[in-house]
Amino acid sequence: MDMHNARDTGAARLEDPWYDALASGWGEADDTEGEPRRARPPAAQAVYTEVHGSAAFQEVRRRYCRFVFPAAAAFLIWYLAYVVAATTAPRLMARPVVGTLNVAMVAGLAQFATTFLLTWAYARHARLRRDRVALELRWVTQEMMRGHGR
């Protein structure tokens, strides 16, 4: 089986914004024969500064912060409540719930359950509220880096 690299043949030119800019040839010598050299993209700092100031970016950032900060605060309070209860109320934590399962064990297992629930909620929130807009921003940014948009 004869395997070859698509770059060696000069046949592959990806215009997908998910394709890494450096991997696509920006900043590298163009060693393909017979193909014109592509125009140099605008400075990355200028592109990212423009995107950072855009309403779409600010909306993604606002949605992220409105979910993450309250969720992180609630989880931290829940974790600290468990630690404080374990150290200051050992009799409460030792109280049996079912058989040999006590309050401390139930609360400890609830910490794991809360972690998984929070992870699921974060992934769902990102998928429903941020991913589409973030993907569009990524597309615009890559197009701007290639010098096609603005």
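The model is predicted, so local features need pLDDT of at least 70 and side-chain atom pairs count only at pLDDT 80 or more, while totals for chains, interfaces and linings use all residues. Residues are numbered from 1 along each chain as its sequence is written, and side-chain values use heavy atoms, with hydrogens and water left out.

Layout first. The protein has five helices and two strands; helices (H or I, at least four residues) and strands (E, at least two) are DSSP runs, numbered from the N terminus. Along the sequence the pattern is α-α-α-α-β-β-α. Of the 150 residues, 19% are buried, where buried means under 20% relative accessible area, exposed means over 50%, and partly exposed lies in between, with a 1.4 Å probe and protein chains only. A contact means heavy atoms within 4.5 Å. Among contacts between residues at least 6 apart in sequence, 64% join residues at least 24 apart.

Now the helix pair. How do α2 and α5 cross? The axes of α2, residues 44-52, and α5, residues 103-146, come within 10 Å and cross at roughly 150 degrees. Here axes are lines fitted to C-alpha atoms, for helices over the stretch in contact, and angles run from 0 to 180 degrees between N-to-C directions. The two helices are therefore roughly antiparallel, the term for angles over 145 degrees. On the α2 side, Ala44, Val47, Tyr48, Glu50 and Val51 meet Leu137, Thr141, Gln142, Met144 and Met145 of α5. By class, that contact has seven nonpolar, two polar and one charged residues; Ala, Val, Leu, Ile, Met, Phe, Trp, Tyr, Cys and Pro count as nonpolar, Asp, Glu, Lys and Arg as charged, and the others, Gly among them, as polar.

Ala46 also sits in α2. Ala46 is partly exposed, at 36% relative accessible area. Ala46 and Met145 are 99 residues apart in sequence and 9.5 Å apart in space, C-alpha to C-alpha.

Last, Asn102, which belongs to strand β2, residues 101-102. Is Asn102 buried or exposed? Asn102 is buried, with a relative accessible area of 17%. The Asn102 side chain reaches the backbone nitrogen of Ala104 at 3.2 Å and the backbone nitrogen of Met105 at 2.8 Å. Leaving aside neighbours within four places in sequence, Asn102 is in contact with Met93, Ala94, Arg95, Pro96 and Val97.

Note on methods. Parallel < 35°, antiparallel > 145°, perpendicular 65-115°, else oblique. Polar contact = N/O pair within 3.5 Å; in protein donor to acceptor, adjacent residues only side chain to side chain.
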